[in-house]
Structures are given as C-alpha cells and as structure tokens.
Amino acid sequence: MRERKVRQPLITVLGHVDHGKTLLLDSIRGTTVAAREAGAITQHVGASEIPVETIKKICGGLLEKLKIQVTLPGLLFIDTPGHEAFTNLRRRGGALADLAALVVDINEGFMPQTLESLTILKTYKTPFMLVANKIDLIPGWQSIQKASFLESFARQRPEVQRALDDKIYELVGKLHELGFESERFDRVSDFRRQVAIVPASAKTGEGVPEVLTVLSGLAQRFLEKELTVEVKGPARGTVLEVKEEVGLGKTIDVIVYDGTLARGDLIAVGGLEKVITSKIRALLQPKPLDEIRDPEDRFNPVEKVYAAAGVKVAAPDLEGVVAGAPLLVVREITGAEKLWQEMQRELERVRISADISGVVVKADALGSLEALEGQLQAKNIPIRRADVGDVSRRDVVEAVGVGKSDPLLGVVLAFNVKVLPDAQVEAEREGVQILREEIIYRLLEEYEEWAKQKREEVRAERLEGYVRPAKFTLKPGYVFRRSHPAIIGVDVLGGVLRSKVPLMNKDGKPVGTVRELQKEKKSVQEAKIGEELAVSIEGPMVGRHIMEGDVLYTDIPRDHVLALKRELRDLLSGDELAVLDEIIAIKQRENPMYGVM
C-alpha cells in the first residue's frame, strides 16, 4: 500500500507594489525566528517553512478562540512575493500555490496591482485571505510590538477602533463590487463563502498571529484532499528559477509538491525546444542564516527531500530549462516523452505565433507570459508573437513588419528580459520601440502611453495635405485691418484651423483663403476648439464680403471630404466630425452628391 501524508500548503503573498508584501514575509519569518524555537523556521530554496509547533506557540490562544485544531505539518511560504511569481508557479494548468495572502495598504485601498492579483486569483480559483496592512499608520493607533490584532485592537481608543472598522468596510465594499463577499476575520460566519480580512502591521508584527491562524484554518478546512500526497512516489515539481551558481554551473530552484526527490534520480524537465533529461548530481538546501560564513558556501547537501519542499538541483545539461516548467522523476529516458507531450500542450497554449497585426511580447517565464497575454487580451490588444526569452533580432523584424500596416502595434513588449545586442541595433536602425518593465501593469501603462503618442503622430502625418474641417466666428470689435489681407480676431468653434486653407460662409460661398494664424503676436501652425487668435484672410473685405460676427467654415475640396469621411474618419476628433457633417450639409444644398461619391 502506498504511503500518503498531508503536506504543508504552499502559500504565496500578492499585492500592489509598496503595500508591504516583502515586509509581511520578513515579519512572518522574524516573528517565528523570535519565538526562539529549535527549528522555528526552515529555509528552503525559494521558500520558508514554519513548522506546526511554532504556529501553535505563536497562535496558541487564537487557535482555541477560533476553534482551530492544527493537524498540518506547517506552512510553506514562497519567498518571492508578487503575482508574477505566483503565475510562474504552476502545475497541471493550475496555480502551484494552494493559498494566497493578498496584501492591501488599509490607508490606500485597492490599486492597479491589487486588481490584477484578484483577477489572477479568480482565474486560478485559488482560495485567499486579505491582509489589511499598515494599521500602525491609522491616526492615533498605539502599536504593541508583535501582539495579536485582537489584543492590540482592544487597547485602542474607541474613535481609533471606529476609524479602523470604517477602513475595513471600505475594503468589504470594494470586494463586493468585484464579486467577493468578505468580513473581518473574527466576524466571518462562513469561510467557504467569505474572504477573511485580517488587519495587521508588517512593520510592528501586530496581526501576524492572526494571519498564520487564518491560513492554517483555511488550509485545513478546504484543502485536505489537495494536500494529501504520496510520500515515496516519484517527485513532481515546478521550476522556480534557473540560476548560475559558482562552482556548480547552471542549477534549477524547484518546488516539489508531490513525492520524493533524491540524489541520483533521473529527471525530465521542460525546456522551450525539448524536454531535458539529466541525473541529479546534488540536492542543496540553504544553511540556517547564522551558519553562513562565506557567501559561496551557502548550502548544505541533502540526500533527499519530501513534498512540499524547495530545493536547488545541480545536474548536467540544464541549459534551455525555462522557469515555470514542470519537473518529473522518470524511471528511464522514454518516460520523458510523457512530460514532453504535457509540456508541448502547455507551450502551445501559451506561446503565440499568428499571422495577424499585433504586438510582439517576450517574457521571462511561461507564467508571466500567460499573465501578460491575459491582460493584453482583456484590453483587446492583439498579439502577433508571444514567447519566452530575451528580445531577439527576429522579434524586432516582426514588429517592423507590423508597424508598416498598423503603426500602433509595431512595438515589442519585454517583461523582465534582456534585449540582445543585434536586436538593439536593429531597433535603433528601424525606429522600433522596445518597452521594458519588471511589473506587468506598468508595462501595459507604458504601452498605452506610447500608443497614445503614436496615434497623435500618425494622425498628424496622415492628415498632412488635407483641408481639415474647421468652424470659427469673427469677433465683433476685433478688426485690425479690413483688407489686403483682412486681419481679424476669431473664436474657434470646432475642428482644426490651419493656414493656407480656403474658406466659405454659412451659405457655402467662397470668401478667401487663410494666410496666417497669430496668437499673442506669434505665428502658429494650427488652432483648435476654444482658442482665440488673430487670422489674416486673403481675398475679402470686412464690411463688404464678410461681416463681424459671421461664422466661417473651411471650404473642403470634394476629393478631400471623401477621404476624410472614409479612410481618415477614425483620425478625426469628435468636434472635427461634427463640423465635417455641417460642411457637408451646407455644400449639399448646391450639390446633393457632395460628400457622397
């Protein structure tokens, strides 16, 4: 009979930049280390384990109060906070993390990355709790270092308690808008339906006992089946990171979530082009922090690890392994074929190569690529090519081709990757923009800003040479010269008025040509709705051909009006389109076919 056991849940910490994710992890580690237990914390590669004894010591009274009997061996926190790491940690198409703690600054509330994190948690159906961080910054809050929230809250003045509750209910309201029911953790009636909100301060440690308690309770109540694993079966895991280590060469940091991984095992691990098979030369786990004497001697070799565990694997031929890829222990090389098929399906789903106009996307790992694609698709931004790896010359060439037919999509979005030298040279030569960022939402913001500027450039270029729709009134009392040319003050009522364009009156009769525009005694190229300026008009005499108070329009040639209506319509602003419609209506009184064909 196969031996099975309940493993520690894998927990990831998500949230907006600067809301305290890293500090919360540090605080959790610090609180447990401060408990001065032997083995109070076990450092895995890429994860920190808090054993059950330590949880009981820190949260004793709380566990009794909330009627939680901890039977888990502990909690395993993934050290890299943030949803990029969360999406890279995957297994069988789902998220590797069993639970998540979403950190929100209680004083700032929901921010773009908070919403992004929630979208990802919803997509992966990952249970989560919300940590309302930075309670120590609520005006009047008296901090008690490393106290439980309930103990600290009870000692606050009534108006401070009310201020905290008001902020909690702002979060409850926002979560409700987003489709989640929630409540402060000690008022939750059903943990299956409601998201538990734990007020805390990563800085002072207040509320950390409740964070550990709620996570333990959630894991036990809802994840028992998922957390029951084979102890002695072949290991399954996910590659967290590929790293060069001094004296070891290429190594991979792996989270093992099932089975046993041992030195000498034959592993199959996913690469972009093929599955790599290799024999484990060494398994390494970090030495306790106080034992590290030399930065190059940070690890202890171990013979084997059991799920769940984070471990560094040293083995030959690990070039080409990609972060986020699956790892499997196989009996013989042929066993790798199964993994390759699984990997191929995953790669085909995530890597995009389409013969359409769209942006080129490069990311550091499968998970971040998938997250970025999801965000782009949500904004209806088409993708031509999406892949893992550094930006290559080929990526730039693809973007050049797209830019010729659709300038707003001829761009490379690079998430957490380098730009290869020949790609940089090609981009500079061809004038292709490579946008690089390490935070997904910032990369999308940068793209939207770039597209906005590009749209303006394209509009200006394509509309060059066309008479644009414009409408303006001749201001009474502002005639500076009556003729040769007439110079008069005007108010622009709509559209874009430029020099060298023919004009007509409201009856469609030609009344001259704009010679020059001046604003504050300086020549300007164009004037838009709401602007006041002086215009010199060649042809008419004020008082005979045109009168103060008249409304004039640009006299758009017939072929221009057809182009503006059809091919260039999307480049015109709303007020330009309205003026264009007025001009067409005026001209059609004389010629019903004007603007039609």
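Biologist: Let's start with F149. Is F149 buried or exposed?

Modeller: Keep in mind that this is a predicted model. Buried means under 20% relative accessible area. F149 has a relative accessibility of 0%, so F149 counts as buried.

Biologist: And F185, buried or exposed?

Modeller: The cut-off is again under 20%. The relative accessibility of F185 is 1%, so F185 counts as buried.

Biologist: How many aromatic pairs does the ring rule give?

Modeller: Rings pair if their centres lie within 6.5 Å. By that rule the count is four.

Biologist: Take F128 and F180. What kind of pair do their rings make?

Modeller: The ring centres of F128 and F180 are 5.3 Å apart, with the planes at 85°. Planes over 60 degrees apart count as edge-to-face. So the pair of F128 and F180 is edge-to-face.

Biologist: How many residues apart are F128 and F180?

Modeller: F128 is in strand 9, residues 128–133. F180 is in the loop between helix 6 (158–177) and strand 10 (181–184). Both residues are buried, and the pair links distant parts of the chain, 52 residues apart.

Biologist: Back to F149 and F185, then. What kind of pair do those rings make?

Modeller: Their centres are 6.2 Å apart and their planes sit at 70°. With over 60 degrees as the cut-off, the pair of F149 and F185 is edge-to-face.

Biologist: How many residues apart in sequence are the parts that F149 and F185 tie together?

Modeller: F149 lies in helix 5, residues 149–154. F185 lies in the loop between strand 10 and strand 11 (194–199). So the pair ties together parts whose separation in sequence is 36 residues.

Biologist: Which residues form one aromatic cluster with F149?

Modeller: F185 belongs to that cluster.

Biologist: What joins the side chains of R7 and D98?

Modeller: R7 is in the loop between strand 1 (4–6) and strand 2 (10–15). At 1% relative accessibility, R7 counts as buried. The side chains of R7 and D98 are joined by a polar contact of 2.9 Å.

Biologist: Now K232. Is K232 buried or exposed?

Modeller: K232 is in the loop between strand 12 (228–230) and strand 13 (236–245). Exposed means over 50% relative accessible area. K232 has 63%, so K232 is exposed.

Biologist: Over which ring does the charged end of K475 sit?

Modeller: The charged end of K475 is 4.9 Å from the ring centre. That ring belongs to Y478.

Biologist: And how far is the charged end of K587 from the ring centre of Y594? What is the distance?

Modeller: The charged end of K587 sits over the ring of Y594. The distance to the ring centre is 5.6 Å.

Biologist: Last one: what is the volume of the largest cavity?

Modeller: The count of cavities of 30 Å³ or more is one. Its lining includes L66, F191 and R221, and by class the lining has five nonpolar, two polar and one charged residues. The volume of the largest cavity is about 60 Å³.

Terms used
Residues are numbered from 1 along each chain as its sequence is written. This is a predicted model: local features need pLDDT of at least 70, side-chain atom pairs count only at pLDDT 80 or more; totals for chains, interfaces and linings use all residues. Side-chain values use heavy atoms; hydrogens and water are left out. On a 1 Å grid over the protein atoms alone, a cavity is a set of points where a 1.4 Å probe fits but cannot get out, and a pocket is an open set with protein on both sides within 12 Å along at least five of seven lines; lining residues have an atom within 4 Å of a point. Grid points are joined across faces, edges and corners, and a volume is the space filled by probe spheres set on the points. Ala, Val, Leu, Ile, Met, Phe, Trp, Tyr, Cys and Pro count as nonpolar, Asp, Glu, Lys and Arg as charged, and the others, Gly among them, as polar. Helices (H or I, at least four residues) and strands (E, at least two) are DSSP runs, numbered from the N terminus. Buried means under 20% relative accessible area, exposed over 50%, partly exposed in between (1.4 Å probe, protein chains only). A polar contact is a pair of N or O atoms within 3.5 Å; within protein, one must be able to donate a hydrogen and the other to accept it, and residues adjacent in sequence count only if both atoms are side-chain atoms. Rings of Phe, Tyr and Trp (its six-membered ring) pair if their centres lie within 6.5 Å; planes under 30 degrees apart count as stacked, over 60 as edge-to-face and the rest as tilted. A charge sits over a ring if NZ of Lys or CZ of Arg is within 6 Å of the ring centre and within 35 degrees of the ring normal.
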